[in-house]
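Here is a short briefing to read alongside the model. Please keep the sequence and the 3D view open as you go.

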Amino acid sequence: AVVSTQSTGIASMRCLVLLLCSVLTQCLAREPLRFKNGKFRIAQFTDLHYGEDEFTPWGPIQDINSDHVMHSVLNSETPDFVLFTGDSLTGNNIHSNSTAYWKYVVSPCLQSGTPWAHVFGNHDDLAEEWGNRKILMTYDMTFNQ
């Protein structure tokens, strides 16, 4: 398939706007982010896919492994900010309420006191019976108060 540079540019611009909105939302919700000794560390987590295959032995083990990795990175690197860049959940495959998994995703940041922001990926949504991304973002904002 041929992809035009114009459509690629528009898609890139949309991603940039979503990223900036996410970061600005985070900044407005908490104390301003600041450099420490001229440094500012950002940890990026992507494609965690919490909740995938939740009714198999493999799925929950992967969630636990992701949790261990995030705790390890936060403890060893002590970032000033965490950016989740998509597919933190596999929400369309979760049969229960996705917000329970969302809390699990942000739990390491809550425990370490590290501010975060999300850029939603194509899997970061709620199962049909639970709502949409707007509900998930509203839920995420309850942690920033």
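Two strands pair if DSSP finds at least two bridges between them. Helices (H or I, at least four residues) and strands (E, at least two) are DSSP runs, numbered from the N terminus. This is a predicted model, in which local features need pLDDT of at least 70, side-chain atom pairs count only at pLDDT 80 or more, and totals for chains, interfaces and linings use all residues. Residues are numbered from 1 along each chain as its sequence is written, and side-chain values use heavy atoms, with hydrogens and water left out.

**The sheet**

- An open sheet is formed by 3 strands in the order S1-S2-S3, with parallel pairing.
- Strand S1 (42-45) and strand S3 (116-119) are the edge strands, each pairing on one side only.
- From one strand to the next, the twist averages 20°; axes are lines fitted to C-alpha atoms, for helices over the stretch in contact, and angles run from 0 to 180 degrees between N-to-C directions.
- Strand S2 (residues 81-85) runs parallel to S3 and is joined to it by 4 bridges.
- Leu 83 has Ala 117 in S3 as its bridge partner.
- Packed on the sheet is helix H3 (residues 98-112), which touches S2 and S3 and whose direction makes about 145° with that of S3; contact means heavy atoms within 4.5 Å.

**Helix H2**

- Helix H2 (residues 58-77) has 20 residues and should span 28 Å at 1.5 Å a residue, which agrees with its end C-alpha atoms being 28 Å apart; the expected span is 1.5 Å times one less than the number of residues.
- Gly 59, Asp 63, Ser 66, Asp 67, Met 70 and Leu 74 of H2 are buried (under 20% relative accessible area, with exposed over 50% and partly exposed in between; 1.4 Å probe, protein chains only).

**Leu 110**

- Leu 110 sits in helix H3 and counts as partly exposed because its relative accessibility is 35%.
- Apart from neighbours within four places in sequence, Leu 110 is in contact with Trp 116 and Phe 143.
- Between Leu 110 and Phe 143 there are 33 residues of sequence separation and 8.1 Å in space, C-alpha to C-alpha.
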